[in-house]
Amino acid sequence: LDRDVGQVTRSLQVAPALTWRANRYLSFTPSLNAERWNTELEFIDEDSPQLSEKDRDYTLLYWRLQATLDHRDHPVYTRRGYYAQLAVSDAGRSVLPGLTFSKAELDLRGYTTVMRPTRATLATRFAARVAVPWGDDPDLSFVPYNELYFMGGPDTVRGWASDYMSS
């Protein structure tokens, strides 16, 4: 990108939620999330000028539905089992007019004991996320900078600083 991506953000987030357990392993968590953001971006993006406005203040109000399937033997000291989580978020359509975008997140994990006497465990994980803008108004149908997904950092791609990896 040949630019130093920098930003200053201030946010207030409230997300009341209720969890319903369908059975021992499956639970559903609907929530109504409210977020107030004040962002100062230190770059200009010609492809998405709405992301580059200085002192960008906005309020997000969106629904989130999360389904969790947890079939692990222990939630902290896991030796075998699997864990799956699917979350879908929708901003703008059914809540309040404003920014319009949708997000989906998938997290899959598997655990198996490799060596019985030492209790060594092989853990695998797959995570995928997507955020898609939609709507008729080009000023409001975009994904805000703070809701975008980036690669890089200590827990994704080694050797790249956080939010710096690009093509």
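This tour goes from model confidence to the salt bridges.

Start with the whole chain, coloured by pLDDT. This is a predicted model. The protein averages a pLDDT of 77, and 66% of the residues score at least 70.

Select strand 1, residues 7-14. Confidence is lowest here, with a mean of 74. Move to strand 2, residues 20-21. Confidence is highest here, at 95.

Now turn to charged side chains. The structure holds five salt bridges. The stops below include R64–E105, D107–R109 and D107–R125.

Select R64 and E105. Their side chains form a salt bridge, 3.6 Å from N to O. The pair links distant parts of the chain. R64 sits in strand 4 (residues 56-72) and E105 in strand 6 (residues 101-115), 41 residues apart. R64 and E105 are both buried.

Next, select D107 and R109. A salt bridge joins these side chains at 2.8 Å, N to O. D107 has 7% relative accessibility, so it counts as buried: the cut-off is under 20%. R109 is at 26% and therefore counts as partly exposed.

R125 counts as exposed because its relative accessibility is 53%, and exposed means over 50%.

Finally, show D107, R109 and R125 together. Salt bridges with shared partners join these residues into one network.

Terms used. Residues numbered from 1 in each chain as written. Predicted model: local features only at pLDDT ≥ 70, side-chain atom pairs only at ≥ 80, totals over all residues. Heavy atoms only, no water. pLDDT = per-residue confidence, 0-100. Helix = DSSP H or I, 4+ residues; strand = E, 2+ residues; numbered from the N terminus. Salt bridge = Lys/Arg side-chain N within 4 Å of Asp/Glu carboxyl O. Buried < 20%, exposed > 50% of the residue type's maximum accessible area, 1.4 Å probe, protein only.
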